[in-house]
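Let's go looking for charged partners in this protein chain. Keep the picture open while you read.

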Amino acid sequence: MTGSASAVHNNNVLVQGRGIHKAFGKTDVLNQVDFTIEKGRIVGLIGSNGAGKTTLLRAMLGLTDVDGELSVLGLDPRTHRDQLMERVAYIADVAILPRWLRVDQAIDYVDGVHPRFSRERCEAMLKKTNIPAKAKIGTLSKGMVAQLHLALVLAIDAELLILDEPTLGLDIVYRKAFYETLLGDYYERERTIVLTTHQVEEVQHLLTDILLISKGRLVLNGTMDAVSERYTEVMVPREQLDAARAYKPISDREVFGRHVLMFENIAREQLRGLGELRTPGIADVFVAKMTEAKV
């Protein structure tokens, strides 16, 4: 990886990448990706399977080498990984906790290896759950393992929290509890969060920013407020369809006999009169941009 902490000039920027490129053989997994993540934001890194999300996260953690300039917390992730991991917390999959450990032993272990871990904080969070301290992790449900994992991670005084599909395989009750705990911690402490998930609808209310990635390329990068202003959906009656299509929608689908068209960077004033206007959800924007990227 080329580049270093010199890539960051703005003190408010926590992560910055310029021209990030990664290839496996002849396949570009990341292709000239430019992005910044500012302090105190909750960033959704969204993309289909194989889009390059996990590779980008692993590069930020110093777990994989990339070409281009990448700085995390003012550090080069590859050459300063030990320093970086004292200030970054990471959840890749709730299943990675050793099944043979007891809950209290897992707390002992993290307490012994991480200088910024607070046993008090972890135990306080676990008291709000039904997880027995002496239970083996292997006997816990997936939801309980997720709660334990989150408590262990949130008890670390980390500036950057990276979550890669943290609720994979959990039912909706545990997913909701997971994100409520995460959001409560975010407002209580000064953190920056980068999150990937396939349950886009469930997290869009949490996000302040979004990065949409398709086939290794960043196809959308902005704040949620900017995205809401940038995209408009119109439910168009058949008699207005030709007039609406003249504005070149980025998606056009039929729902219950009416067409729903999505427009990018078209002023709402121009679209009024063509049908019923609404702000699309992130999942709808995601599908539209992914479809557009394939054309």
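Start with D104: in this predicted model, its relative accessibility is 14%, so D104 counts as buried, since buried means under 20%. Its partner tells another story. K134 has a relative accessibility of 59%, and because exposed means over 50%, K134 counts as exposed. These two form a salt bridge, with the closest N and O atoms 2.8 Å apart. The pair ties together distant parts of the chain: D104 sits in helix α3 (residues 103-113), while K134 lies in the loop between α4 (119-126) and α5 (142-154), 30 residues apart.

Why do such pairs turn up? Side chains of opposite charge can pair when their charged atoms come close.

Now try D157 and R189, another salt bridge, where the closest N and O atoms are 3.4 Å apart. Here too, distant parts of the chain are linked, 32 residues apart: D157 is in the loop between α5 and β6 (160-164), and R189 is in the loop between α6 (172-188) and β7 (192-196). D157, at 40% relative accessibility, counts as partly exposed. R189 also counts as partly exposed, at 21%.

| Salt bridge | Closest N and O atoms |
|---|---|
| K134 and D104 | 2.8 Å |
| D157 and R189 | 3.4 Å |

How many salt bridges does the count come to? The count is 21.

Methods. Residues numbered from 1 in each chain as written. Predicted model: local features only at pLDDT ≥ 70, side-chain atom pairs only at ≥ 80, totals over all residues. Heavy atoms only, no water. Salt bridge = Lys/Arg side-chain N within 4 Å of Asp/Glu carboxyl O. Helix = DSSP H or I, 4+ residues; strand = E, 2+ residues; numbered from the N terminus. Buried < 20%, exposed > 50% of the residue type's maximum accessible area, 1.4 Å probe, protein only.
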